[in-house]
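Hi,

Here's the structure I promised to pass on.

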Amino acid sequence: MKKLLYLLVTLSLLLALMPVAVASAQEAVECDEDYLVQADDWLSKLADKYYGDVLAYWAISDATNAAGGDYATIDNPDLIEVGWQLCIPSAADAQALLAERGGAMMEEPAGEMMEGGYTLYMISKVAGIPYFELNSKPGGEEAAAELGDELIFTAPAQPLAAEQIQMMEAAIAQGVDAILVSADDDTALCPTLQKAMDQGIVVVAWDSDVLPECRQLFQQQADPEDVGRGQVRIICELLGGPGVCEGQVAILSAAATMTNQNTWIEWMLDEWQKPEYAGMEYVGTVYGDDVDQKSYQEALGLFKSYPDLKGIISPTSVGVAAAARALEDQGLSGQVLLTGLGLPSQLRQYVKSGTLPKFALWVPLDQGYLAAYMAHLLLEGEIEGVPGESFDAGRIGTVTVDENRWVVLGPPQEFDINNIDDFDF
Ligand code: RAM
């Protein structure tokens, strides 16, 4: 057990806002226990274990940050890493820390935690995907900066609805103004999102939808029918063209619960019924969960299960990059043709080597921007999110809410050897 001087860590915000309160919050606290973070740990889970209250996670976060030395520095309580050393204060100390923090936060009216703006909590499917972190995130931040909001961009360590739920519950407890989610599951998130809406929190789904009753609007990247039909059209083109294309073709998807991939696949299978694809045999879909290694292994599995495989469609930025690598590692480039949805920056080399002659995407930076813009306008009451409503979305221009309460970004763009060097996202 280590004795340490604790300086309450609502830090600069409070220092600026409440100098008197902060001065009085200086006190000595002890780490009742040191805790090393294990796989699958979450601060709220530990708070539940030690204090019987998932919302007491701030006490662990604040005490750990104050502890210094070998203890971790927690910038975002939603993201802790295996091996980090945490300071677990006694229940009494934890209560005192929460009282200080709660009291301080209550000084700020809900919805006005940041000066002059809203707090937008934007969550993607899983951490570590360039599509999200190098594109959707800066897009969301760009809109938030323009509109005077704060955007917190985060993601679960694994592509699991249970982790998204836990993170969103914590965000609700912290009093965010809007939740923007790319869903790992269309139904499992619903009770949490409905609770958020009941509390007046704006809910916008983006990229991967939830059931319509669980969000106000959905930022749809492109018409899913165009995306799905387009993927089958492209693989047929790569295998000889309509009426000629033939051979076994498989789909390598993300996770089986992910709405956007599932919707695209429905449209692919519908397109596949057309007579011009009669020679192409759909052999099935495998799931790489939007995790690189799993996707790579699933691609290898396909090569093994279907030695005569002629084509793969991978409608996920993670899957398509992993499949391209697997094809080249196995010397199958050109023998099994690949298309999918992915980032030009990740796929350029495979277009040039002929492994992936053509693929599609929209501009994910714009997707993040539009989603944040929509959340802001709902918060301002400038839009209600009802079908038929048109509004100005900054640099995107005028957009319209359709009958599904989707706001569609635009048609997908196709990339091949002729234009791949024109795109750097
Ligand atoms: C992955 C994710 C995302 C999808 C893109 C195409 O990054 O699955 O949801 O929109 O691929």
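Below is what turned up around the ligand.

This is a predicted model, where local features need pLDDT of at least 70, side-chain atom pairs count only at pLDDT 80 or more, and totals for chains, interfaces and linings use all residues. Residues are numbered from 1 along each chain as its sequence is written, and side-chain values use heavy atoms, with hydrogens and water left out.

So, what surrounds the ligand? A shell of 14 residues, with K125, D207, N260, D290 and S317 the closest (a residue is near if one of its heavy atoms lies within 4 Å). Six of the shell residues are nonpolar, five polar and three charged (Asp, Glu, Lys and Arg count as charged; Gly is among the polar ones).

Domain 2 (119–222 + 364–410) and domain 3 (224–361) each give the shell at least three residues; the bounds come from an automatic or database domain assignment. Among helices (DSSP runs of H or I, at least four residues), α6 (130–147) and α10 (259–272) each supply at least two. The biggest contributor is α10, with three.

Now the polar contacts (pairs of N or O atoms within 3.5 Å). For Q261, a polar side-chain atom is 2.9 Å from a ligand oxygen. The protein covers 100% of the 290 Å² of accessible area that the ligand has on its own (Shrake-Rupley method, 1.4 Å probe).

Cheers

Terms used
Polar contact = N/O pair within 3.5 Å; in protein donor to acceptor, adjacent residues only side chain to side chain.
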